[in-house]
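Welcome! Let's take a short walk through this structure together, starting inside one chain and ending where two chains meet.

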Amino acid sequence: MADAIVLKNLTKTFGETVAVRDLDLVVPQGALYGVIGPNGAGKTTTIRMILSILFPDRGEMTVLGRRTALEAKDRIGYLPEERGHYKKMRVGDFLAYIARLKGADGPDLKQRVRTWLDRVDLGGVETKRCEELSKGMQQKMQFVTAVIHQPDLIILDEPFSGLDPINQRLLRELVIEEHRRGATVLFSTHVMVHAEQLCDHVVMIHRGEKVLDETIAGIRARFDPRSLLFEPMDPEADLSPLKAVPGVQGITRDGGAWNLSLQERVDPAQVIRAVAGAVAPLRIELRRPTLEDVFVAIVESSGPQGGDEHTRLRASLRENGHRPEVRR
Amino acid sequence: MKKILHIAYREFAATVMTKGFIIGMLVLPVTIGIIVLVFPRMINQTPPKVTGEIAVIDPTGQVTEGLRAYLRPERFVERREASSRQAAEAAPEAVKRVVASSPGGQEAIQRQVAATFGEVPQLDVVALDPGTDVELAKVPLKAAGSSNPAQAPRRLALIVLHPDAVVRTAGKERFGGYDLYVRSRLDDRVEDDIRDGVREAIVEARIQASGLKRSEIEALTQVDRPQSRTVTETGERATNEVLNTLVPAAFMILLLISAMTSSQSLLTTTVEEKASRVVEVLLSAVSPMELMTGKILGQMAVGFVVLALYGGLGIVALFSFAMLGLLDPVLILFLFVFFVLAYFSLAAFMAAIGSAVNEMREAQTLMTPVMLIIMIPWILWLPISREPNAPLAVILSFIPPLSNFVVLLRMTSTAPPPMWQVGLAIVVSAAGAVAAVWSAAKIFRIGLLMFGKPPTFGTLIRWIRMS
């Protein structure tokens, strides 16, 4: 299968600032890729170069088999990070206008607009002016502009920012539907949880350089921290028997729970059974690395980070600076 | 191309189908309509009926009677009738036809004349003794400022003739004249009548005193002013001097208004698209060049609407006054040619500026040179239309985008430039427009996604030089 996007040694500078440096990337057709990294990492610049909105200083690329996205714009859907619309234009007219610019002109265009508005729970707003919609509604309308022409490649820049959890879920489902339809999806986010929930492959960018390009499963295998999260049934229980459990290397406090680090090459399943037998657990689970952990580990391995720098980095990878609960 | 047309149509519709545009378009004709139709009705042109006395101290004893005769009510009526006859003869043929064909046309004209002149003044000319103290004679004028007409004295004016007003003092070349004292708030039209009357009476007295015949003098000094006729290849017609002056101005104003309205609108929509961030959505669907071309074409259609609307109004006005024949159709063709050339240059500037700034306020600084270019034809309108082939006019004809305005001004003047100059100016203007659009496209491409500090001219030039 041909690749949807191929970038080779792509570099873009703005004055003295190198926004993207020697970026290589291959996105196969039909893939669902996430480009992640903190704000200012170079994600949007990369996306704009893929779309030929910006042009690289050097490097080569192909998009949907063409040397430039300009030759394949009608097959690409794009949701920019900065949402934009004509305030005074009616929602239906705006969507139809963008669809026409994407080559999706035809007798069924009005019906297609209505269908998509219904799909994003915006039925009935067709004749309203764009400025009359709430921010969340505008965002969903904007998403429709990216997909209304049934593109082969969908590029979403921070698609979930500003949406409430219910609409985030709706948008996630719509993205998955488009992916199932056969579209290649590339989206960027600085919130690692969103990438974990949606992608099967992740590209991490930090300070304009790619630091990771791997499947979610591969990342889990590579960055397995090999530790257990343990919470005893009785908060006052004596935990000293846990130290004697074969395979447990050490015990440290982790908030209201305990972190049990495991020795190399032990079977976590056996250790879990032994731990549960030693002290009655309220909760016991194998810790899985989050993308945030992975990202921070990679960044920290590239150089020492101070305490403040570490905190700032973690905050920038979370929505509103808080660590949300991970659900899959 | 289809995408460009979609952009052009949206641009056109979003501009033309707004209340702002419709109101803006109506402002000029409505203002002119108010000035022409409403203001005259609001201003009470009809003078108030004036009744009173004109005191005369006439040491010559030869003027008072002439003045009294001049200010008699029946003489006022005669003079008014003569004036309305003259006005009727000078009216355009179309007006004459309308008046002749309208059942109450003549009566309406007479009513209008009566309304304009007001009621005939009743002026009594009172001869005072030549030895009367002038200061005492002025006293009755002083209380005349009272707002109550019933309390106002009858004396409206005091005329004191100089002793040598009719017969020159020996050894002097000039005749004497007269002094005129009037009450406050005397209608200036009545004052003019008094002046005319005194002048007429003095002249009559001087002629009689000289033993000459007035009719003979008038016959000797009268040379009729002929109506010149403009001779053209297709025939000859009466020269309309007013139109000769107004046509170049009208053409230039039309060109400026249409080119400025549409290019200004292009600036506004570009800034709005950039500020609202919709531009990135558009750029994901079309190239910057397609976007700019679509926007320029859309606003050009707006300019054509303005041109057609105002130009059409002008043509209707000329047609209704049967002066359409005075307008050369070739000039209208050239008006459209120069509009397109001027518009492309201005639109390129505006698109570039609009793409480079973040909001309209920032655009003002960069607009200054463009506005100066616009102002030059206004400043040089009179010198160029009076001397259309002077070196200044010829040189400016080859400096785009000024060339468009200057050449059109020259072409509509009384001494149009040779065709080779017109052709060369079009070529130069077209080259200028292409260069402007090419440069603007470069700025447009880079500027649209640049936010933050607005660029300086130096930055814009650097963007143009970037590949």
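How many bridges join β3(B) to strand β4 of chain B, and do the two run parallel or antiparallel? Five bridges link them, and the strands run antiparallel. Keep in mind as you look that this is a predicted model. Strand β4 of chain B covers residues 178-182, and within β4(B) you can find Val182(B), the bridge partner of Ala157(B).

Now turn to another neighbor of β3(B). Strand β1 of chain B, residues 51-57, pairs with β3(B) in the parallel sense, again over five bridges. Here Val56(B) stands opposite Ile159(B) of β3(B). Strand β3 itself spans residues 155-161 of chain B and is mostly covered, with seven of its seven residues buried.

Next, let's see where the chains meet. Chain A brings 23 residues to the contact and chain B brings 19. The size of an interface is often given as the accessible area lost when the parts come together. For chain A and chain B, about 2200 Å² is buried between them, 64% of it on carbon and sulfur atoms. Of the area that chain A buries against chain B, Ile53(A), Tyr86(A) and Leu101(A) supply 27%, more than any other three residues.

Nine residue pairs are in polar contact between the two chains, counting pairs with both residues at pLDDT 80 or more. On the side of chain A that touches chain B, helix α2 of chain A (residues 91-101) gives the largest share, five residues. That side divides into 12 nonpolar, three polar and eight charged residues.

Conventions:
Residues are numbered from 1 along each chain as its sequence is written. Chains are lettered from A and ligands numbered from 1 in the order in which they are written. This is a predicted model: local features need pLDDT of at least 70, side-chain atom pairs count only at pLDDT 80 or more; totals for chains, interfaces and linings use all residues. Side-chain values use heavy atoms; hydrogens and water are left out. Buried means under 20% relative accessible area, exposed over 50%, partly exposed in between (1.4 Å probe, protein chains only). Helices (H or I, at least four residues) and strands (E, at least two) are DSSP runs, numbered from the N terminus. Two strands pair if DSSP finds at least two bridges between them. Contact means heavy atoms within 4.5 Å. Buried area is the accessible area (1.4 Å probe) that two parts lose on being put together, summed over both. A polar contact is a pair of N or O atoms within 3.5 Å; within protein, one must be able to donate a hydrogen and the other to accept it, and residues adjacent in sequence count only if both atoms are side-chain atoms. Ala, Val, Leu, Ile, Met, Phe, Trp, Tyr, Cys and Pro count as nonpolar, Asp, Glu, Lys and Arg as charged, and the others, Gly among them, as polar.
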